[in-house]
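Please read them with the structure open.

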Amino acid sequence: MTAEDLAGRRLVIFDFDGTLANTVPVIVRTARTVLARHGLTDDDMGDLTRLVGPPFPQAYSLVYGFSEDEAAQITAEYRAIYRTIGPEAWPLFDGIVDLLSRLRAAGRLTAVASSKQMPMVRTALADNRIADLFDLALGKSSDAEGDKVALIARTLRELGVSADGAVMVGDRHHDVEAAAACGVPCVGVTYGGTGTVEELMGAGACACADTVEELGRVLLG
C-alpha cells in the first residue's frame, strides 16, 4: 500500500485514547488507585498501560485475570473516579486540532471509533471543543458491546463509505486487528507511549507514525 493510496482515502477513523488524546496518565493513575483497593501491589500491577486499548471491564480480566464480576466492580469504581476528573482526563496531543482541520479542509470525512462509553466520548470531544471536526463519533453503548470491529463497521455504514475508501488510526494492536477484520488498513501511532512499532507492525499496520506531524504526512501525502 502506497502513501498515495492512504492520502486518497475518503474517510479517516480515529481511535481516541492514546491516538487523539493523552489519556494514559489519568487512566493509569485511576486504575492504580482502584486496583490497590482490590489487593494488588505495584509489582502485581506492573505496566498499567496494558489497560489502554482493550475495552473495560474486559481489560481487567484480560490483563490481571479478574473474574467477570470483579472486573465489572473494578470498572464501576474506576468510572466513579474518572467521571469526576473533568477536562484534564483527556488533553489532546499537540498538533491534533491542526491535523483534523487540515483533513477537513482537504475534503476528508473524519470519525472517532472508541472503546470508551458513548457519553464519555461526547464529553471528551466537547471538553476539547472538537466535536464539530468529526462527521461521526462512536463509543460503545454498553459494556456488553466491547467489539471495536462492530464500531468500525457501523462507522462505515453510517457514513456510506466502503472499506477501500477508509483508513483507521490507532495506537494498539486491537485497533489494527479490528480494522483488518473490516477490510480497512490501519496506521499505527506510537507518540502516546502505549503501543510499539513492533506491536503495531506485527499486527499488520500499514505504516507507523512517531509524531502527530508524521501522521499528517502519512494521511495527507
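1. Strand 2 contributes four residues to the lining of the largest cavity, the most of any element. Keep in mind that this is a predicted model. Helix 5 (68-82) and strand 2 (109-117) each supply at least two lining residues.

2. How many cavities of 30 Å³ or more does a search of the whole structure find? The search finds one. The volume of this largest cavity is about 250 Å³.

3. The lining of the largest cavity comprises 19 residues. Nearest the centre are Asp17, Pro54, Phe56, Ser115 and Lys116. By class, the lining holds eight nonpolar, seven charged and four polar residues.

4. Helix 5 passes a length check. Its 15 residues, at 1.5 Å a residue, should span 21 Å, and the end C-alpha atoms are 21 Å apart, so the two agree.

5. Which residues of helix 5 are buried? They are Ala71, Ile74, Thr75, Glu77, Tyr78, Arg79 and Tyr82. Their cover includes helix 2 (24-37), helix 4 (58-64), strand 2, helix 7 (118-127) and strand 3 (136-140).

6. Take Ile74, which sits in helix 5. Its relative accessibility is 0%, so Ile74 counts as buried, the cut-off being under 20%. Leaving aside residues up to four places away in sequence, Ile74 touches Val34, Leu35, His38, Tyr60 and Phe66.

7. The aromatic pairs deserve a look. The count is six. One of them joins Tyr82 and Trp90 edge-to-face, with 5.6 Å from centre to centre and 70° between the planes. Tyr82 has a relative accessible area of 1% and is therefore buried. Trp90, at 4% relative accessibility, is buried as well.

8. Phe93 and Tyr191 make another pair. Their ring centres are 5.0 Å apart and their planes lie at 75°, so this pair is edge-to-face; the cut-off is over 60 degrees. The pair links distant parts of the chain, 98 residues apart. Phe93 lies in the loop between helix 5 and helix 6 (96-105), and Tyr191 in the loop between strand 5 (186-189) and helix 10 (197-203). Phe93 and Tyr191 are both buried.

9. Which residues do ring pairs link into a cluster? The cluster consists of Phe56, Tyr60, Tyr78, Tyr82 and Trp90.

Key:
Residues numbered from 1 in each chain as written. Predicted model: local features only at pLDDT ≥ 70, side-chain atom pairs only at ≥ 80, totals over all residues. Heavy atoms only, no water. 1 Å grid on protein atoms, 1.4 Å probe; cavity = no way out; pocket = protein on both sides within 12 Å on 5 of 7 lines; lining within 4 Å. Points joined across faces, edges and corners; volume = space filled by probe spheres on them. Nonpolar A, V, L, I, M, F, W, Y, C, P; charged D, E, K, R; others polar. Expected span 1.5 Å × (residues − 1). Buried < 20%, exposed > 50% of the residue type's maximum accessible area, 1.4 Å probe, protein only. Contact = heavy atoms within 4.5 Å. Phe/Tyr/Trp six-rings, centres within 6.5 Å; stacked < 30°, edge-to-face > 60°.
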